[in-house]
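Dear colleague,

Please find the structure below, together with its sequence. My notes on it follow.

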Amino acid sequence: MMKIQHLLAASVLVLCQSFITFSAIAEESSEISTANEVVEATPAPEPVPESEPATISRKIPKLSIRWDCGDCPINEKVIPLIEKTYTAEASQHNYALSEEETAEVSIIDFRQRNPANRALFGFMAGKDRLGVKVNYKGKLFTASDYSANAWFGMNSLCESVAKSTYKQIAAALNQ
């Protein structure tokens, strides 16, 4: 009988903690996205003021991104988030996007948890995953990341994968 009481008390505590976590996340964001929705990413960094002109003389290829993950659900907001972060990262390192050169990017792995499940159950709801394969001038790269915690969802994965993609392409340019 005592074991059952301890088990019930532990279950109530876990549910209360989940509710508190969910409430805190819901307060931060009054709109919770659906399972196939990504909330808009943070804006790109501010441009350099005119008093400090940026010298952008180097070019980095623009990305041509397509879905290639079989029957995975397609989230229309993922590609723009990757492109936005890639462009911001290139700009931050004084690269301009080339209009002539492109790097072919295929989304080969995608899984997004339902945001409410992610907030309520955290790592017990599984993990979000994003993986891409990059083909640039015959060289193949991969970039991927995952998140199993309650606070970070697909937006942070898009940013992480885009930054990794940028680093690998920039390294290939500097060889």
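A polar contact is a pair of N or O atoms within 3.5 Å; within protein, one must be able to donate a hydrogen and the other to accept it, and residues adjacent in sequence count only if both atoms are side-chain atoms. The model is a predicted one, in which local features need pLDDT of at least 70 and side-chain atom pairs pLDDT 80 or more, while totals for chains, interfaces and linings use all residues. Residues are numbered from 1 along each chain as its sequence is written, and side-chain values use heavy atoms, with hydrogens and water left out.

The side chain of Ser98 comes to 3.0 Å from the backbone nitrogen of Glu101 and to 3.1 Å from that of Glu100. Ser98 belongs to strand 2 (strands are DSSP runs of E, at least two residues, and helices of H or I, at least four, numbered from the N terminus). Ser98 is buried, because its relative accessibility is 2% (buried means under 20% relative accessible area, with a 1.4 Å probe and protein chains only).

Four strands form an open sheet in the order 1-2-3-4, with mixed pairing (two strands pair if DSSP finds at least two bridges between them). Strand 1 (58-67) and strand 4 (139-147) each have a single partner strand, so one side of each lacks a neighbour in the sheet. Strand 2 (residues 95-111) and strand 3 (residues 128-136) are antiparallel and joined over seven bridges; Ile107 has Val132 in strand 3 as its bridge partner.

Yours sincerely

Note on methods
Buried < 20%, exposed > 50% of the residue type's maximum accessible area, 1.4 Å probe, protein only.
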